[in-house]
Amino acid sequence: MLSNKFNTLSKELSEERELNKCLQANQKEWISKVVASNSALQASQEKHTAETQELREQIKDLMFHLQSQATINSSPMKEEIRGGEMHVVQGPSNDNRNNRRSPRKKK
């Protein structure tokens, strides 16, 4: 009777240990899946943020273009503006300003 109870408890113990091993393995698997999902989510959010920023910049550029076009179209000088040319001239560099300073005399 005692050995019978011992055998039963030994079987239950081994079953519990096996179940525990399976549950731990399953838990590790789910943890790795959650970590991978979080990484994918973060990458997706960063991509979405970058795309949104790019689209906002494009909208800003487009709005500037449309406003400029409307301003030109409503201007009495629109033909002159459309036929005109724009030249960009580079200003003086700031390097010469630093060289002009005279050293202070110490007393």
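Visitor: Which residue lies over the face of W30, and at what distance from the ring centre?
Guide: This is a predicted model, in which local features need pLDDT of at least 70 and side-chain atom pairs count only at pLDDT 80 or more, while totals for chains, interfaces and linings use all residues. A charge sits over a ring if NZ of Lys or CZ of Arg is within 6 Å of the ring centre and within 35 degrees of the ring normal. The residue over the face of W30 is K33, at 4.6 Å from the ring centre.

Visitor: With which residue does E29 form a salt bridge?
Guide: Side chains of opposite charge can pair when their charged atoms come close. The rule for a salt bridge asks for a side-chain nitrogen of Lys or Arg within 4 Å of a carboxyl oxygen of Asp or Glu, and the count by this rule is one. The closest N and O atoms are 3.4 Å apart, and the partner of E29 is K33.

Visitor: Where do E29 and K33 lie?
Guide: Residues are numbered from 1 along each chain as its sequence is written, and side-chain values use heavy atoms, with hydrogens and water left out. E29 and K33 are four residues apart, about one turn of the helix, and both lie in helix α1.

Visitor: Is K33 buried or exposed, or partly exposed?
Guide: Buried means under 20% relative accessible area, exposed over 50%, and partly exposed in between (1.4 Å probe, protein chains only). The relative accessible area of K33 is 38%, so K33 is partly exposed.

Visitor: How many helices does the chain have?
Guide: Helices (H or I, at least four residues) and strands (E, at least two) are DSSP runs, numbered from the N terminus. The chain follows the pattern α-α-α along the sequence. There are zero strands, and the number of helices is three.

Visitor: In which helix is confidence highest, and in which is it lowest?
Guide: Confidence is given as pLDDT, the predictor's value for each residue, from 0 to 100. The chain has a mean of 88, and 86% of its residues reach 70 or more. Confidence is highest in helix α1 (residues 2–74), at a mean of 96, and lowest in helix α3 (residues 95–100), at 56.

Visitor: What share of the residues of the chain count as buried?
Guide: The accessible surface of the chain (Shrake-Rupley method, 1.4 Å probe) is about 11,200 Å², with 55% belonging to carbon and sulfur atoms. Of the 107 residues, the share that count as buried is 1%.
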